[in-house]
Amino acid sequence: MTTPEHILIVDDEPQIRRFLRTSLGAQGYRLSEAQNAAEALALAATEKPDLVVLDLGLPDEDGFAVIEKLRAHSQVPIIVLSVRSDERGKVHALDLGADDYVTKPFGMEELVARIRAAFRHKLQTQGETPVFRSGRLAVDVVRRIVTVEGKEVKLSAKEYDLLRLLVAHAGRVLTHSFILKEVWGPAHAEDVQYLRVYIRLLREKLEANRTRPEIILTETGVGYRLKAD
């Protein structure tokens, strides 16, 4: 029998922890809870959870510091859950190593979908599959062949490099600066408009309707996320 995934919930609000405990427990996940940063770091070290749902507004230490300390020794998926909706805070959390960011109030279906995507990304990085599929899109990363509904799509070298990066982190929000540094190098880390041009080019080739994308999703003011089925 497979052991259910273990999620560590870190939030100082008892009602939020209770809601998550009930809702995620009903999904079959195994759960631990912490109400502050110290408890969170201690439980993360001793229990080795498969994923952390982290509130940024903790009473003893900022959630950003918790992300930094976790990332110093662990690649456990981290989903930030916070009332802070400012784009700068989202970008900072993601750049520190968080995998995703959900703003309170939130829908449980959305959070569960983000959790599943984080687990898929974790499995993918542990042993990446040779062919990635998401809806109508398929990317053969060994042969560098991209198809949409079975028909091959020709991409330029940079278009493929950009798509390949999104595929490698499917389901995870990637910030503008991260994508630019990885694909074009540190000198282009601020060229957001340059990135938007290439995203538009990719959408024209991959999406059924580039004005209503279903594969390459925009996280407004933050970056992009490739949908992971």
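Modeller: Let me start with a definition: helix axes are lines fitted to C-alpha atoms over the stretch in contact, and angles between N-to-C directions run from 0 to 180 degrees. Please keep in mind that this is a predicted model.

Colleague: Thanks! At roughly what angle do the axes of helix H6 and helix H8 cross?

Modeller: Helix H6 covers residues 157-168 and helix H8 covers residues 192-206. Their axes come within 10 Å. Angles of 65 to 115 degrees count as roughly perpendicular, and H6 and H8 are therefore roughly perpendicular to each other. The crossing is at roughly 90 degrees.

Colleague: How many residues in the contact of H6 with H8 are nonpolar?

Modeller: From H6 come Lys158, Glu159, Leu162 and Leu163. They meet Leu195, Tyr198, Ile199, Leu201, Leu202, Lys205 and Leu206 in H8. By class, the contact has three charged residues and no polar ones, and the nonpolar count is eight.

Colleague: Let's look at the sheet beside these helices. Which strands stand at the edges, each with a single partner strand?

Modeller: The sheet is open, with four strands in the order S6-S7-S8-S9 and antiparallel pairing. Its twist averages 25 degrees from one strand to the next. Each edge strand has a single partner, so one side of each is left without a neighbour in the sheet; the two are S6 (131-134) and S9.

Colleague: And which residue in S8 stands opposite aspartate 140?

Modeller: Strand S7 (residues 137-140) runs antiparallel to S8, and four bridges join the two. In this pairing, the residue of S8 opposite aspartate 140 is isoleucine 145.

Colleague: Which strands does H8 touch where it packs on the sheet?

Modeller: H6 packs on this sheet too, touching S6, S7 and S8, with its direction at about 100 degrees to that of S7. The direction of H8 makes about 60 degrees with that of S8. The strands that H8 touches are S7, S8 and S9.

Colleague: What is the bridge partner of valine 53 in S4?

Modeller: S3 (residues 51-54) and S4 (residues 78-82) pair in the parallel sense over three bridges. Within S4, the partner of valine 53 is isoleucine 79.

Colleague: How far apart are the axes of helix H3 and helix H4?

Modeller: H3 spans residues 63-71 and H4 spans residues 87-96, and they pack at an angle of about 15 degrees. Angles under 35 degrees count as roughly parallel, and H3 and H4 are therefore roughly parallel to each other. Their contact is made by Phe64, Ile67, Glu68 and Arg71 of H3 and Gly89, His92, Ala93 and Leu96 of H4. The axes are apart by 9 Å.

Colleague: What covers the buried residues of H3?

Modeller: H3 is mostly covered, with seven of its nine residues buried. The buried residues are Gly63, Phe64, Ala65, Val66, Ile67, Leu70 and Arg71. What covers them includes H2, S3, S4 and H4.

Colleague: In which loop does glutamate 149 sit?

Modeller: Glutamate 149 has a positive phi of about 55 degrees although it is not a glycine. Glutamate 149 is exposed, with a relative accessible area of 60%. Its place is the loop between strand S8 (145-148) and strand S9 (151-153).

Colleague: One last one: which residue in the turn between S11 and S12 has a positive phi?

Modeller: Four bridges join S11 (residues 216-219) to S12, and the strands run antiparallel. Threonine 218 stands opposite tyrosine 224 in S12. S11 and S12 form a hairpin with three residues between them, and the turn residue with a positive phi of about 75 degrees is glycine 221.

Key. Residues are numbered from 1 along each chain as its sequence is written. This is a predicted model: local features need pLDDT of at least 70, side-chain atom pairs count only at pLDDT 80 or more; totals for chains, interfaces and linings use all residues. Side-chain values use heavy atoms; hydrogens and water are left out. Angles under 35 degrees count as roughly parallel, over 145 as roughly antiparallel, 65 to 115 as roughly perpendicular and the rest as oblique. Contact means heavy atoms within 4.5 Å. Two strands pair if DSSP finds at least two bridges between them. Buried means under 20% relative accessible area, exposed over 50%, partly exposed in between (1.4 Å probe, protein chains only). Ala, Val, Leu, Ile, Met, Phe, Trp, Tyr, Cys and Pro count as nonpolar, Asp, Glu, Lys and Arg as charged, and the others, Gly among them, as polar.
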